[in-house]
Amino acid sequence: KFRRIPLRKIPRETTILNLSGNSLTLVTNNSFEGLGKVHTLYLQSSKITLFEVGAFSGLDSLTYIDLTSNFIDKESLPSGLFRPVSKLQYLNIASNLFHISKEYPDSVLRDLTNLQTLSMSGINGAVFGNGFKYLTSLTSLNLDPCSINELQNDTFMSFKGLPILNLNFKCRLKKVQPGALAPFQSIRSLAIVESDLIRISDLLVVLSSLRDRNMSLIDFSSNYRSRTGADIISSESFSYLGGVCVKEVILRRNQICIIQGGSISRMKYKNCLQKLDVSRNNIYGDAQTAFEIFKLSALKILDFSKQEPTALGPYSKIENESFNSEDSKYSLSYSVVLPPSLERLYASGLSIRSTPLANVNFKFGSHVVYVDVNWTPFSNCDGVITGLDNLQFFGMSGFNCKILNPKMISSFKNLQELQSRNANLNIGLQHDVSGIFLKGLEKLRILDFAGNGIENLNPNLLRSQYNSLYSIDLSNNNFDDFPFKITGLKNLSYINLENNKIIGFDETVTNELDDLESRIKGNLKIRLDRNLLQCNCKSLSFIKWLFKTKIKLDNGGNYSCGYIDGSKKTTAYALQNIDELTKQCASKFWLITSVCLTLLLIIIICISSIVFKYRITLQYWYLVIRRRYKIYSKLDEQSEYKYSAFVAYHNDNYRWVCGPLTSFLEGEKKLSLCLHDRDFALGSLIVDNIFEAISQSKKVILIVGKSFLKSTWCEYELDMARMRMFRENKDILIVILVEKILPEDMPKSLLRIWNNVTCIEAEEYVSEENTPQFQHLFWKRLYQSIIA
């Protein structure tokens with residue numbers, strides 16, 4: 001709020017003085033007396049309306065002064081004002097009131113023979129006076145803001161012969177004449193930008209007066225701005241540009257829809273151009289121009305990113321065109337010829353129709369180190385890109401990689417940075433079961449997989465980057481734990497895990513992170529904000545680690561977390577109350593332990609009861625399964641059994657079994673019997689012998705007496721035979737009662753099958769001699785039961 005220069009408050013050693021934003025109004029004589037070391041003076045927006053002729057006296061070292069946005073007109077600057085500052089090299093008097101009188105202050109500027117840069121407002125209808133001829137050191141002229149509507153052939157005649165190298169105009173041009181820039185014979189850089197009312201095709205004609213000049217820059221960006229307009233640059237208009245040997249051309253944001261085919265071929269100095277920027281236009285044709293790009297043999301940088309074709313212009317509407325991604329089930333293959341010197345290619349944000357990524361082989365791509373195709377909506381990532389052997393940066397964010405060819409970028413052996421954000425890699429990487437997407441990329445330092453919804457990373461994915469990986473961004477995914485193995489990574493210094501679903505790290509992970517921090521000597525940074533961290537019993541060690549580790553954590557390790565009582569707290573709060581939290585966890589631990597032990601005991605009792613109840617069944621199936629995996633062959637329905645019958649008996653009935661029974665069935669009827677005293681294999685387990693005998697016998701004969709019912713092995717033979725009968729659903733049991741046994745004396749296992757088996761009562765025959773007729777009936781019935 002100073003109303004005058006506060007000279008007494010300014011130290012005499014001051015070199016840069018900023019008095020902007022005050023209310024000085026009048027700058028009087030000797031206002032800067034004694035400030036001989038000031039070389040830079042800012043007086044912007046200070047409401048200055050008048051300078052006295054000696055206002056700048058004493059500023060002997062002044063080389064830079066900014067007087068923008070004041071109330072200065074031609075009368076505010078008296079003649080001789082700038083004589084005390086003859087060393088001045090930079091002067092900015094833009095955004096003042098010169099446009100009211102429509103006169104430039106050239107008469108007062110004639111003293112600035114050392115001035116190199118002049119910035120002022122361009123005034124529509126004003127004439128650049130003869131005073132500008134005296135600015136013999138002027139190299140840069142900036143007209144910003146500029147209300148000039150037309151550049152005529154005589155507009156800049158006052159600057160003829162001056163060594164101006166740089167011209168920068170921000171005007172509202174509607175028209176230009178071909179010879180308007182002819183006076184600038186030394187020009188090297190030309191920028192005519194933000195002229196909303198003139199098409200590039202009309203503006204290019206102004207270059208005709210610069211034909212055969214050597215220039216470093218032509219910037220015609222952000223000119224034609226019309227809601228409904230589009231611009232077609234003919235090959236004739238483009239030839240004006242090609243007539244200048246220029247290194248860098250910027251045609252950004254001009255609503256260009258077509259650069260006509262043949263334009264590049266007509267460029268006289270096509271071998272001079274090193275950078276071409278046509279980004280932020282509406283280019284959708286002519287396709288021939290794309291095939292001519294390779295003729296720009298010196299081109300190092302090509303930027304055609306963010307093309308947004310509109311439905312305007314003669315070639316914009318393609319009738320009866322349809323495209324189905326299913327038609328491109330298999331990737332097509334293309335060869336793209338690049339300019340042989342190309343190093344950087346920008347092609348991000350192209351508004352193309354959804355199309356699969358083809359197999360692309362770039363020719364002459366050995367110098368390309370940077371390719372940005374981020375946010376270009378390819379419908380899949382099923383193609384393979386080759387020919388860019390020295391590529392160091394590749395941006396493929398926004399691709400739809402639900403279908404991903406694992407070898408898509410396998411040829412990029414020198415790749416150092418890969419960006420693939422929001423590319424549906426959560427689906428594409430799932431199908432890469434061998435983790436070969438990054439295989440062989442041993443120089444990859446920076447990896448960005450943010451926003452892909454990934455839940456798990458293949459453990460083999462980063463195996464080729466153990467020595468090279470420096471930074472990895474996995475933010476905005478769905479990880480609930482640390483997503484990859486840390487051991488083996490030697491140089492990893494930055495890990496971004498923001499906005500995932502991580503609840504905490506176990507002690508193994510935190511130890512490995514601390515080891516990594518130690519290996520890289522204290523340079524590890526990790527971001528964990530916006531996760532689902534928990535401050536509960538399981539995370540006590542993690543909470544302590546957050547504030548103990550030497551790793552540089554965002555927010556100093558203080559994150560929002562779900563507290564043990566269900567409320568939202570912070571990790572810092574949890575650490576302050578760690579003792580109370582530990583006590584709550586201890587009581588909860590013993591409660592949970594007792595409940596678990598009780599449940600375990602109940603489960604054990606239940607299982608034991610079930611096992612005991614069905615012990616015979618379980619043992620039988622165990623023997624069946626074990627027999628199946630032994631050397632025995634499974635018998636089918638038509639196979640003959642090894643034995644006609646297995647005879648299960650107690651040793652008390654040995655004489656009758658091995659006497660009359662065996663003599664009749666084996667001697668007279670030629671049947672084969674299995675008797676444990678005779679046929680069991682020596683050295684084998686009894687249970688195996690019993691099971692094999694029952695399994696290889698057509699029938700099982702039980703010789704049941706009181707001794708049989710008391711024998712454990714006889715009861716086991718009965719159970720095994722009964723299980724086989726139930727499993728095969730066949731009548732295989734024959735029960736011979738050799739003693740009178742009441743039903744209540746029979747075991748439950750025999751009673752369960754009593755009505756489903758053949759039963760022969762032979763107690764009388766065994767105990768005393770019987771008639772031959774009775775003997776005959778007994779043996780006949782027994783024989784018929786066996787062969788049935």
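Select Cys 537 and Cys 585: a disulfide joins them, S to S 2.3 Å. The model is predicted. Cys 537 sits in the loop between β32 (534-535) and α8 (540-548), and Cys 585 in helix α10 (residues 578-613), so the bond ties together parts 48 residues apart in sequence. The link is left-handed, with -95° about the S-S bond. Colour by accessibility next. Cys 537 is partly exposed at 28%, whereas Cys 585 is buried at 8%.

The structure holds 5 disulfides. Go to Cys 146 and Cys 171, whose sulfur atoms are 2.0 Å apart. This link is right-handed, with 85° about the S-S bond. Cys 146 lies in strand β8 (residues 140-146), Cys 171 in the loop between β10 (166-169) and β11 (175-176). Both cysteines are buried.

Now pick Cys 381 and Cys 401, a disulfide with sulfur atoms 2.0 Å apart. Its -70° about the S-S bond makes it left-handed. Cys 381 is in the loop between β24 (378-380) and β25, and Cys 401 in the loop between β26 (393-395) and β27 (417-419).

Stay with β25 and show the sheet. Three parallel strands run in the order β19-β22-β25. β19 (333-337) and β25 (385-386) are the edges; each has a single partner strand, so one side of each lacks a neighbour in the sheet. Between β19 and β22 (residues 359-363), count 5 bridges. Val 337 stands opposite Lys 363 in β22.

Finish at helix α12 (residues 654-668), which kinks by about 50°, centred on Thr 662. Thr 662 is buried, as are Trp 656 and Phe 664, among others in α12. Just after the helix, Lys 670 has a positive phi of about 60°.

Note on methods
Residues numbered from 1 in each chain as written. Predicted model: local features only at pLDDT ≥ 70, side-chain atom pairs only at ≥ 80, totals over all residues. Heavy atoms only, no water. Pairing = 2+ DSSP bridges. Helix = DSSP H or I, 4+ residues; strand = E, 2+ residues; numbered from the N terminus. Bend = angle between axes of the 7 residues up to and from the residue. Buried < 20%, exposed > 50% of the residue type's maximum accessible area, 1.4 Å probe, protein only. Disulfide = S-S within 2.5 Å.
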